[in-house]
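I opened the model to look up a few local features. My notes follow in the order I took them.

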Amino acid sequence: MRNAIALSLGLALTTAAGAQSRFEFWPGAVYDPAIPTFEKVLGYAPGERISWHAALLEYLEALAAAAPDRVRLFDYARSWEGRRLVYAVVGSPANLRRLDEIRAGMARLADPRKTPEPEARKLIHALPALVWLAYGVHGNEISSPEAALLTTYHLLAARNDKLVSEILNQTLVFIDPCQNPDGRDRFVHHFEQAVGLEPDASPLAAEHNENWPGGRTNHYHFDLNRDWFALTQPETRGRIRALREWYPLVFVDLHEMGSETTYYFAPEAVPYNPHLTRQQREILEWFGRNNARWFDRFGFLYFTREIFDAFFPGYGASWPSYHGAIAMTYEQASTRGLLIRRSDDTVLHFRDAIRRHFVASISTAETAARNREKLLEEFYRYRRSAIEEGAREFPREYLLPRRGDVSAVDKLATLLVEQGVEVRRATAPFRNAGAEYPAGSYVISLAQPTKRLIRTLLDPHVPMDEAFIKEQERRRKKRLPDEVYDVTAWSLPAMFNVEAVAASETSSGNFEPFTAPPRGRIADGEGGVAYLVPWGTLAAGRVLTAALRQGLRVRSTDRPFAQGGRKYPSGTLIFLVAENPPDLSARLEKIAAAAGAEIYPTDTGWVDEGVNFGSSRVVYVPKPSVALAWDTPTSAYSAGWARFVLERQYDYPVTPIRTRQLASADLRKFDVLILPGQGPGSYASVLGPEAPRRLKEWVSAGGTLIGIAGAVSYLADPRVGLLAVSQENRPRPTPEAKPEPGRPTGEAERRTGETAEGRVPGRLLATEEDYERAIQPDSELPDQALGVLVRARTDPDHWLAAGAPATVNALLDSRAIFAPIKLDKGVNVAFFEAPDRLLVSGYLWEETRKQLAYKPLVIAQPEGRGVVIAFTADPNYRAYLDGMNVLFLNAVFRGPAHARPLPTH
């Protein structure tokens, strides 16, 4: 029988005596029977099963139907696999009736230039505090989406609850129940396939251990909690639009972590991003202390100020901060199933993980409710102080000159606008500090509410606290792991490889608000002989792929040329009218418009300097069939990034092939094979001993083999023999003083001096320096790079660098450093700059800076009629590195153009 008392939110448990008891998620709560329970709608109690994404939506919709005066659902995106992303707004009937008024009021409060303080005071008095609770950004972190449902139910159904009434009256609570529906359903599918007669608590049980790629990521294997400023994925773009519509004051991203942990909440660990304000850091304490109060009351263990930092701006717990929110991460120990046994022999149940996230959610809403006016005041003050700082500090403006890869400049300006940054576009040339900038350039004033976001994304370098760096150096010396949670560099201009000028003066000229980049076009009418597309831009890459997919014949020059007063770089695309369909002009017009490219017609094959169209230095670009190694042992990230860049940024299809099939697959129908970076395992163990021979035969017959990051180690393995380079160890320390006669000094000598019992002659360590030398390993890899941006120089004479700028920036986060390839074996198409020019942004260990200099980033090695290409750092890293796209596209499309496969007929 269901009544108000029996409907206390609970889970039926069987005790040792066989009696039934109820697991209470919020002890003592009494619920309104008019609001449907989890069990009534879904047929199981919270924590009994792991809900599919469709079930999460079904229950939310049932709650919305039962209490339309207190909850409303909004769709904000669809995933790559077509699943809906929604958020629920929960509040009092009075607040729900004025949602449009609240939204407009927050927009006015967000811009102090338009809202003077007296009006702001009225808004602060009238507006609720907006709290955004975001769950399940990693699909295999399963407890928080269930907690989202319980939080919504509790806020709607709890009877005579003063705390709930206060939350509903003083706040609007936004429930974003599942930020990554594709990844979640991938995990649920895995679990339901693996679970047996009953849930198994053993950490070794299959249900706790996912197959590749796991459920953490979305369809393209992107970590959505690293995509917040890059906006590459539809889930992220939709969420950013929604956040910009509402301006929540509090944002919490609820996660899971390792099963052996407890629960984490703010304050965050050091380092803090220097563009976070002192007030924001202080307010984190409010939420942490209230969470601690509830966790102490319920007997939950927790920790703060460890592991999870607030430095990198690409987290859900970071990005909203730069709009003035208080953003936080909560982390719960994961069950990765329904229960798991831990090393202390305790068993963690799924329901317990759900409960902790549920309690933390209510606690957070309570803190916001009780500090409503203070939070609104701080939000207004944050936005106002950002404007004031931007008006007096350096830089006053950032300028994005529209030159070089103008499509990359346009994309960067668009990306900033999508994140709420005000950008102006010059309608005519203008000057600033004596320098001239072309029409179309972008001007970004720092005197705007998003000043701190602008600085965070556009500054060449964001520093970490010196004390923190000193501690990491101390730890490194002792071979302790560093405490940097993610990358230390993310400057958008550097990653796009475009110019960004920090200006101390305010520009004067003719400007208009920028909303969208200009459409591409064919300049100056139709071409009687050919149409030319200058290579080296993102837009030109899109023209190439679109043309190939339409069956157009494309040629590309290996050398620059000049014609009609215009200079064309190497790689320029040539569409000859005589060998293409009669409607070539109309097709290219549509392609140019979609790609944002400028295409230039010509009535002659005569050039003023450089190579003519009929030169042997002009190659035909075939439409390549591209295969990509997929599944273990590839890094799911690296594989997904490569596929995404080709399929979604350049609209070119890829055939993913299970890696284990490559050893025996007939690859003759493929022109390109990409081996992404390695994850757990190795290519050697999966591909087997015959794969090197078969791959070499395929390349020798005209294939283009591209190895990325960890795959380069496989190709360079002497047993594989596909790349004539070697991976380096860390250099040995400066040699010791001359040893005593007969005393072993190195590993080989040490072994020589060993006795049959494994003993060595004794030696005296007279100083601490002697001790430090004595404990150094005989052989080890270089230190792990901390996600730094480093500069590499390109070789303009090689076709693989066609259209590329003189230098490119790569993101380095590994220990792999390779010796350069010898001239008789291949070419170092891009190599890292000198030590004093190497670092672009981030923190780089001094020893790594010295060792990495002049080592290869991109290698090309001919092999028979084909070529092996190696990228020692991933050019597609998180799809951040638009400035590396040209080199990657050259490998995929110009590689087959320079291969010489035998005719198939």
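I started with F430 and Y437, and both are buried. I then checked their rings. The centres lie 5.4 Å apart and the planes meet at 25°, so I logged the pair of F430 and Y437 as stacked, the cut-off being under 30 degrees. I note here that the model is predicted.

I counted aromatic pairs next. The structure holds 54 of them. I picked out F265 and F295, which pair edge-to-face. Their ring centres are 5.5 Å from each other, with 80° between the planes. Where do F265 and F295 sit in the chain? I found F265 in the loop between β8 (263-264) and β9 (269-272), and F295 in helix α10. They are 30 residues apart, and the pair links distant parts of the chain. Are F265 and F295 buried or exposed? I have both down as buried.

Helix α10 took me to its packing. I looked up how two packed helices are described: by the angle between their axes and the distance between the axes. For α10 (residues 278-298) and α12 (residues 372-392), I read an angle of about 160° and axes 12 Å apart. The cut-off for roughly antiparallel is over 145 degrees, so α10 and α12 are roughly antiparallel to each other. The crossing of α10 past α12 is left-handed. Which residues make the contact? From α10 I listed Q279, Q280, I283, W286 and F287. From α12 I listed K374, L375, E378 and Y382. Sorted by class, the contact has five nonpolar, two polar and two charged residues.

I turned to the backbone. Most residues other than glycine have a negative phi, and most peptide bonds are trans. I went after exceptions.

Two cis bonds went into the notebook. The peptide bond from V270 to P271 is cis, with omega near 5°. I placed P271 in strand β9. T632 and P633 are also joined by a cis peptide bond, where omega is about 10°. P633 lies in the loop between β30 (626-630) and α19 (636-649).

Then I looked at phi. H221 is not a glycine, yet its phi is positive, about 65°. I located H221 in the loop between α8 (181-194) and α9 (234-246). Its relative accessible area is 4%, and the cut-off is under 20%, so H221 is buried.

Y247 also has a positive phi, near 55°, and is a residue other than glycine. I found Y247 in the loop between α9 and β7 (250-257).

Note on methods:
Residues numbered from 1 in each chain as written. Predicted model: local features only at pLDDT ≥ 70, side-chain atom pairs only at ≥ 80, totals over all residues. Heavy atoms only, no water. Axes fitted to C-alpha atoms, helices over the stretch in contact; angles between N-to-C directions. Helix = DSSP H or I, 4+ residues; strand = E, 2+ residues; numbered from the N terminus. Parallel < 35°, antiparallel > 145°, perpendicular 65-115°, else oblique. Left-handed = near helix turned anticlockwise from the far one by under 90°. Contact = heavy atoms within 4.5 Å. Nonpolar A, V, L, I, M, F, W, Y, C, P; charged D, E, K, R; others polar. Phe/Tyr/Trp six-rings, centres within 6.5 Å; stacked < 30°, edge-to-face > 60°. Buried < 20%, exposed > 50% of the residue type's maximum accessible area, 1.4 Å probe, protein only.
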